[in-house]
Amino acid sequence: MKVKTEDLEAFLSVVDAGSFSAAARILDVQVAKVSRSVNRLEQTLQTTLLNRTTRRIELTQEGHVYREFAREGINQILKGSEALSLLDKKPAGRLKVDAASPFVLHQITPLIAGFNEVYPDITLDLASADNIHDLLEYKTDVAIRIGYLKDSNLHARLLGNSKLYLVASPQYLARNGSVFNTDDLNKHKLIGFSNNKALNQWPLKNLPDLRFSITASSGETIRQLCLEHQGLALLSNFMINKDIAAGRLVQVLTSDIISPNPRETVNAVYYKNSAVSSRITAFLDFIQPKLTL
């Protein structure tokens with residue numbers, strides 16, 4: 001019984017993407033080719049791995065069992081191929097990294113020059129989106145995620161924790177008064193997130209119902225609004241630590257912020273169907289000790 005690697009890849013892509021058409025887009029092939037590969041795999045194994053309906057695709061019991069063996073087999077092949085290619089040279093090739101815009105700007109960008117010196121043959125592709133993208137759909141190798149992880153299809157490596165601070169500019173506070181307790185918050189202009197309402201649930205003791213005067217989709221935009229004296233915002237240390245040190249922003253209600261909390265964790269994630277390539281390992285090993293979270 002001879003199983004083709006391309007058939008395993010097609011099967012796993014269909015399972016992970018949820019449809020033959022989505023798998024075809026990921027693999028950059030025609031849908032018919034993906035369908036032929038899965039059919040050939042089922043014929044080779046003499047079993048049905050997927051139940052197809054007009055609305056969805058579901059794994060059979062046999063498919064559930066075989067999926068993990070197929071995944072491990074593909075990963076071992078990829079690891080073996082990469083190990084051979086690295087016998088006499090450093091990691092090379094394209095590495096797509098996805099992270100929220102503030103993290104790319106304040107944490108990754110300052111490290112790129114040093115990384116390129118050490119790994120000149122790795123071509124970085126940095127995606128700085130403020131919405132969480134599907135790694136498969138956007139062909140992302142590794143992503144940096146801030147806060148609680150929900151996706152069980154991802155492996156995660158903890159990079160550290162970044163505390164939250166409630167901040168405003170000294171000029172704003174001079175004009176609008178100090179903040180002595182959480183009851184004072186709604187006497188001030190609050191800046192929140194427009195595209196993720198969960199980020200507007202501030203982890204504060206005795207949290208009142210908050211009313212936001214301004215909202216923005218990007219954490220970097222919110223930071224800039226604070227620097228322009230437009231109000232108070234709750235932001236991660238990784239993006240405002242230099243502002244605080246320079247006195248451009250000041251902290252308020254520090255004892256009222258509940259810590260640790262789920263929003264503080266910073267993880268690097270990659271898809272389970274991907275072998276842990278030397279490029280990913282090299283990148284994470286390089287940046288982790290240099291991050292200022």
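Predicted model: local features only at pLDDT ≥ 70, side-chain atom pairs only at ≥ 80, totals over all residues.
I begin with a network of salt bridges that links D16, R67, E68 and R71; a salt bridge here is a side-chain nitrogen of Lys or Arg within 4 Å of a carboxyl oxygen of Asp or Glu. Residues are numbered from 1 along each chain as its sequence is written, and side-chain values use heavy atoms, with hydrogens and water left out.

How many salt bridges does a search of the whole structure find? The search finds 15. One of the salt bridges joins the side chains of R52 and E42, at 3.0 Å from N to O. R52 lies in strand 1 (residues 50-52) and E42 in helix 3 (residues 31-45), so this pair ties together parts that are ten residues apart in sequence. Helices (H or I, at least four residues) and strands (E, at least two) are DSSP runs, numbered from the N terminus. For accessibility, buried means under 20% relative accessible area, exposed over 50%, and partly exposed in between, with a 1.4 Å probe and protein chains only. By that scale R52 is partly exposed, at 35%, whereas E42 is buried, at 10%.

I turn now to D243. Its side chain meets that of R223 in a salt bridge of 2.7 Å, N to O. That pair links distant parts of the chain, since R223 is in helix 8 and D243 is in helix 9, 20 residues apart. R223 is buried, with a relative accessible area of 10%, and D243 is buried as well, at 1%. The side chain of D243 also meets that of R248 in a salt bridge, at 2.9 Å from N to O. Is R248 buried or partly exposed? At 40% relative accessibility, R248 counts as partly exposed.

Three strands form an open sheet in the order 10-7-11, with antiparallel pairing. Its edge strands, strand 10 (233-236) and strand 11 (250-252), each pair on one side only. Neighbouring strands of this sheet are turned by 55° against each other on average, direction ignored. Two strands are taken to pair if DSSP finds at least two bridges between them. Strand 7 (residues 164-168) and strand 10 pair in the antiparallel sense over four bridges, and L166 has L234 in strand 10 as its bridge partner. As a general point, strands of a sheet pair through backbone hydrogen bonds, either parallel or antiparallel.

Which helices lie across these strands? Helix 8 lies across strand 7 and strand 10, running at about 125° to strand 10. Helix 9 (residues 237-246) lies across strand 7, strand 10 and strand 11, at about 105° to strand 10. Axes are lines fitted to C-alpha atoms, for helices over the stretch in contact, and angles run from 0 to 180 degrees between N-to-C directions. Contact means heavy atoms within 4.5 Å.

Within helix 8 (residues 219-227) lies I222, which is buried with a relative accessible area of 0%. Leaving aside neighbours within four places in sequence, I222 is in contact with I191, G192, F193, A216, A233 and L235. I222 and G192 are 30 residues apart in sequence, and their C-alpha atoms are 7.3 Å apart in space.

H188 is placed in the loop between helix 7 (170-176) and strand 8 (191-193). H188 is buried, at 8% relative accessible area. A polar contact of 3.0 Å joins its side chain to that of Y172; such a contact is a pair of N or O atoms within 3.5 Å, where, within protein, one must be able to donate a hydrogen and the other to accept it, and residues adjacent in sequence count only if both atoms are side-chain atoms. Beyond four places in sequence, the contacts of H188 include N176, G177, S178, V179 and L232.

Finally, the cores. A nonpolar core is a set of buried Ala, Val, Leu, Ile, Met, Phe, Trp, Tyr and Cys residues joined through side-chain atoms within 4.5 Å. The largest has 40 residues, of which F103, I108, I144, F283 and L284 touch the most other members. Helix 10 (residues 278-287) gives the most to this core, with six residues. A second, separate core of 19 residues includes F11, L41, L50 and I74.
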